[in-house]
Structures are given as C-alpha cells and as structure tokens.
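I opened my notebook to look up how the side chains pack in this model. Come and read along with me.

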Amino acid sequence: MVTEKFLEWFDRGWDKWELWYKRKKEVKERKREEKEEFYDGSPVIGGEKDRPVRLSVGFKILLGTAIFLSGILVHIYLGMMLSVSWPEIVGDSKMLINYSQRLLYCVILCLCFSMLVSIAISKRPFNSVLYGFGIAASIAILAASFLFPRIDGYYTNFEILAKGNRCVFDGNYFIPGLLALVMALLLRYGYKYQNNSDMTV
C-alpha cells in the first residue's frame, strides 16, 4: 500500500517536472528565435545581438561629423604626445604638468572616439562597449586626480584631504571622475535592463 502511494506520488511529481522543463525549453527556444528574427546581420559589438534601431538621418550626420572631428584631434594629439623629448619633460616640472594634462585629455579623446566608432559599426546607439569605455575614462580621470598632486610644483585650488602643501586628491578632477563613473555604471545597468526588457517583449 505504501509502495503504491509512493509510486503514485513519484509519477505525479515526475509529470509536473517534465511539464515545467518542457515549458522552460519552449520559452528559451522562442526567445532565441526572436533574437534571430530581429538581428539584421550588422556587426556585433561586445558579443551581443540587440534589436536593431533605425537611426535618424540627423543623428547619422552628427555622428559622422563627431567621428571625423574627433579622429582629427586624436591624430593631432597623438602626434604631439609622441614627438616630445622625455628628458626635457622629466627635468622641468611645468612641462611635466602640462604634458600630463594633455595626456589625460588625449586618453579621454581616444576613448570618446572609440565609443563613437562602436556606435557607427554596430548601427545601434547603445552597446556594451559604451559603458566599458565610459568606465575606463572615469578611472583615468580619478587616477589623474591622485597622480597630479604628486608632481612637484603642481597647484590646485580644490584640495581634498590636504596636509601641508600636499593633498591626496585634486577635486577639480576627482569629482568629475566620480560623476563619470556613476554615469557609466548607470549606463551599464540601464543597458542590461533594456536587454531584459527586449527579451520579455
């Protein structure tokens, strides 16, 4: 009697589990088909296939102009950064400060240029590369806020955790870097939320 009840209970449980697994497999297959249906064959950025977005003509013009101008600036600044004489820079604190600030600007400019190019290649206004480069730019700014005060002769009117003539962070770079990091992380969470939202539609 006990054995029959156990077998009956086991059969009911097995049927429920089999039905649940079948439904889960159908949902997964349907989501995969939807992604393939909406994928237009555009190059994939970050290993993801997002739903294509039709970019307006005005946005394409602005994007192309921004890529062209930022590309020219990147070329100019990279040439300037590579053509300097290192012994002269290291020996002069003012030149070292000026070079460090230009180097930071060049790094941010290169990252912004890469972000714009990723949009043009993927043909989508948002992708995983955007927040990745955004985080890299914010970390570069935060690192500069800590490293710049270590240079002899460096002066800032916004000191954070100051002690004597030295400070731990330059607030003029620290706060923008912190805000950029928060915005990059928000972009990341928003992008993931949008992906989940598209999957449930």
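**The core**

I looked up the largest nonpolar core and found 8 residues: Ile 97, Leu 104, Ala 140, Ile 141, Ala 144, Phe 148, Ile 151 and Tyr 154. Such a core is a set of buried Ala, Val, Leu, Ile, Met, Phe, Trp, Tyr and Cys residues joined through side-chain atoms within 4.5 Å. Buried means under 20% relative accessible area, exposed over 50%, and partly exposed in between (1.4 Å probe, protein chains only). The elements giving two or more residues are α4 (93-122) and α5 (128-147), and α5 brings the largest share, 3 residues. Helices (H or I, at least four residues) and strands (E, at least two) are DSSP runs, numbered from the N terminus.

**How I read the model**

I kept in mind that this is a predicted model: local features need pLDDT of at least 70, side-chain atom pairs count only at pLDDT 80 or more, and totals for chains, interfaces and linings use all residues. Residues are numbered from 1 along each chain as its sequence is written, and side-chain values use heavy atoms, leaving out hydrogens and water.

**Aromatic pairs**

I found 5 aromatic pairs. Rings of Phe, Tyr and Trp (its six-membered ring) pair if their centres lie within 6.5 Å; planes under 30 degrees apart count as stacked, over 60 as edge-to-face and the rest as tilted. Tyr 77 and Tyr 105 are a tilted pair, because their ring centres are 5.0 Å apart and their planes stand at 55°. Phe 148 and Tyr 173 are edge-to-face, because their planes stand at 85°, with centres 5.2 Å apart. Phe 148 is buried, at 6% relative accessible area.
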